[in-house]
Amino acid sequence: MARLFKIEVMPGMAWIHVPEADVRVLCGCPPDSVKHLMRRGLIRPLELDGVRCETGPNAILLSDVMVQNGTFCNLAEFPVLQMFYRQGLLLPGHPNNNGSKPILIGRRDQVAAQMQYIYRGNYGLISEQELVEAGVPPDQARDMMRLKLRFAFGHIRHPSDLLDGRALDDHEIEIKGGVTVRRTGLNRFQFGYQGESVDIDLNLPAFQTHECPFPLGNYQFRRDYFAVVHSGEGDGWDVRRPSMGSIVVFQGRIYLVDAGPNLQHSLTALGIGVNEIEGIFQTHCHDDHFAGLTTLMQADRRISFFAVPMVRATVAKKLAALLAIEEEDFNDYFNVRDLAMDQWNDVDGLDVKPIFSPHPVETTVFHFRAMAAGGWKTYAHLADVVGLGVLDAMVTDDPTQNGLSRDWYQQVAVNYLDPADVKKVDIGAGLIHGYAQDFKDDNSGKMILAHTANPLTAEQKKIGSGASFGTVDVLITGHRDFLSRSAFHMMAEYFPTVSGDHLGTVLNGPITTFNPETILYKAGQPHPTIYLLLTGQVEMLDEDSDFRAVLSAGALLGELTGLHALPPTETCRAVSFVQVLEIPADVYTAFVVRHELFSEISRLLEGREFLSRTHLLGDVVSTGTLNAIAKDMRLVSLGDDEMVTGHEHKVGLVASGQVLRMLGGAILETLGPGDFFGEESAVFDAPSIAALRTYGPAEIYLISSRLLGAIPNVRWKLFESFERRTRLESSVGFAGRPLLNWQQEYSVNVQRLDTQHKRLFATANRLLDAVEGGHGSADIAAALDLMIDYAKFHFHEEETLLRRYGYGHADDHQGRHRALIGQAQDLERKLTGDQPITPQELLDFLHDWIVKHILIEDRRYAEVLNGHGVY
């Protein structure tokens, strides 16, 4: 009789259950994983000793990689909250509160990243100092911390106090009750119990993302002058609807209010392409409002991020914790536009006022207004808010006690009832959400009750309305053709040398709507029309492979085939409702010939055609961006067994043949046509530690890493590749054995620095392999130079971090780094001298050079950085 049970919930997520041992493991926790478990009946209501609660997991196995195919794989915030509060593991007096802690299993750095991400999700900014650094005046920062500590029951506790973190590195570990788990490969695991075993694979197939737990259908709306599209009225537990959010349309432009989980599915259902989005207004950093940010990081350009500085700081810190990046890297993906609190801000003609909202993390609600006949038209978005009864119980006139003053409470109550033409409010109840009863005297024109998984009660229905997904409230009707305006701007960007009057030649076609799943044109069938994609998304399906690219606004579809009267080589299919401008191919050809653009476009089209069929650049839709890349890239031809050199600060795309990524004598990966390398310099400006060698004749396109790193969706893919390849490099062995072993005890408890230390180990192993293998002096010198270059890069990163957080011994630490570089340069003279050192002597040197420095010097700063919330 089976004792060990496995359920495949969906690709990239599974469930392990061992009833005898009371082990229930959620394997992988992508966005909305709790909702998936609820829908599968793996979380269900229960009553214990008269107390209503839920079943669910008591352990989580994390993915080895944080990101797959552009989306987060490890978002443990809501699964942990479900264990703490809905199962009752953290509630005083609850029958499930038996002292056991939820178990978090994974690579040491992933466990640490999740701890820090949950930490920021629970508390946001954790000190008066962080609030002041985020622009809050000191007296307000003091009051905000008093309120935050009241929400936190007097203490800010790191999740490591509440969760049982288990590092699953290279050896099998026991979960409990004899249930074991071990890693069998990257993102592959095996569970065992009393002679039984099951295998788990958390890798996603190419071009596939995690499923959405609820169907949404397809909708289409007009890009109006001022309107609100309702894109979510649920919460993080609602299995029927997306979490609370809205889309504000102003002068035809698209703005989001928050980015909840499975945002891409919501945008697809509404017929919105990511490149249509002008910006996002962020209320706060909880996952049900934050987890969709990765979707926005996949645009061709940096989407504007609107928030007050303290909210922006919490979001940047939480994202940095998840991805082991610096907070400043947030600016590489978003065009940050800070808003002033409690005053109207001009956002491209739309007035926006953020107002402070009491919550466990830094939060604002938003009011929007636009001028119309008869005065202002307004929309208010109140997420998240806290019930007035809950806040009233926190009021204290003693400034030394945690809570808020009576005057502050009364101001919050007034803010809640500030009327609007349309107002959407959080009525999620409990300790950190609002109550409909608080708004029964609100004089707003239309009240929408949201942020709840429950149907509205009879009393709530008397207070406010519901709003189905995809419904629209138009506040100011537009009498202009905003789609034609968008088409003009797109073509003006593509043809910057052509006047607006002449652009009218190609802009005079009709705007046509295609229904979801409609084929616009088929591979191999001549098509007389070129389409400029204005709204929605299409997928390009390669005739000879499984390659798939999704394109959104700005894509020029069928240009190559239209210009040269050739049948298309791909099938173009609508993913959502799409609107296109039709351009007859003969008109387009005559237009480019008249303006002497035919030869330039034709020259670039071959390169663009190749780029559009690669995973790295297949989703780039901006024709101007593709042209810039096509102009920059340089083709290099290499023979068999040649080293690929001269690619510093370049990203390489394999055009033909094969290229081996190698570390020492070990082959890490075989790259074929369309694969790329060089992400280290594009994302982190760090040297590559893997060598590249051709396997047979090969052709490679080299492209400026700076050019590619400036495109958010390309940068995101480069980052994803960097993370996955770092895993391979840090675990590789030479001749069947690792030479310099990374041990758990070396961790400094700061994920980014641990990752760099592991890469430093890998460069040292490459040098050891060159010496032990008797390689020539040129190979040994190259390996040593690489190690020194990477050490300099890491030391600079480390020193910058120590100074930023005021480490008292930063100068001494920098001096020791200089000494280490001097020792490495002395080593170079020994290695190239008449009596070179032996491999064992080199191993001893490297152990002293790297390991002792980490164990003695680096671990001294860990407590200081951790004290500032850096993990």
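These legends go with several views of one protein, shown here as a predicted model.

**Figure 1. The whole protein at a glance.** Let's begin with the overall picture before zooming in. The protein contains 26 helices and 42 strands. Along the principal axes, its C-alpha atoms fill a box of roughly 90 × 75 × 65 Å. How does the radius of gyration fit with that of a compact globule? For 871 residues, a compact globule would have a value near 29 Å, and the 28 Å of the protein agrees with this. Buried residues make up 59% of the 871. Among contacts with a separation of 6 or more, 72% join residues 24 or more positions apart.

**Figure 2. The largest nonpolar core, seen around Leu296.** As a general background, nonpolar side chains tend to be buried together in soluble globular proteins. The largest nonpolar core in this model has 132 residues, and Leu296 and Leu323 touch the most other members. Helix H9 (residues 309–323) supplies the largest share of this core, with ten residues. Which residues can you find in contact with Leu296, once its neighbours within four places in sequence are set aside? Look for Leu256, Leu263, Val274, Ile277, Ile280, Ile303 and Phe334.

**Figure 3. Helices H15 and H17 side by side.** A pair of packed helices is described by the distance between the axes and the angle between them. Here, the axes of H15 (residues 500–507) and H17 (residues 585–594) come within 9 Å and cross at roughly 155 degrees. Angles over 145 degrees count as roughly antiparallel, so that is how H15 and H17 lie to each other. On the H15 side, the contact is made by His502, Leu503, Thr505 and Val506. On the H17 side, look for Val587, Tyr588, Phe591 and Arg594. Taken together, the residues of this contact divide into five nonpolar, two polar and one charged.

Figure 4. Thr71 sits in strand S8 (residues 71–72). Is Thr71 buried or exposed? Its relative accessible area is 18%, and buried means under 20%, so Thr71 is buried. Leaving out neighbours within four places in sequence, the residues in contact with Thr71 are Met66, Thr209, His210, Thr294 and Trp716.

Conventions. Residues numbered from 1 in each chain as written. Predicted model: local features only at pLDDT ≥ 70, side-chain atom pairs only at ≥ 80, totals over all residues. Heavy atoms only, no water. Core = buried A, V, L, I, M, F, W, Y, C linked by side-chain atoms within 4.5 Å. Buried < 20%, exposed > 50% of the residue type's maximum accessible area, 1.4 Å probe, protein only. Helix = DSSP H or I, 4+ residues; strand = E, 2+ residues; numbered from the N terminus. Contact = heavy atoms within 4.5 Å. Axes fitted to C-alpha atoms, helices over the stretch in contact; angles between N-to-C directions. Parallel < 35°, antiparallel > 145°, perpendicular 65-115°, else oblique. Nonpolar A, V, L, I, M, F, W, Y, C, P; charged D, E, K, R; others polar. Rg over C-alpha atoms; globule rule 2.2 N^0.38 Å.
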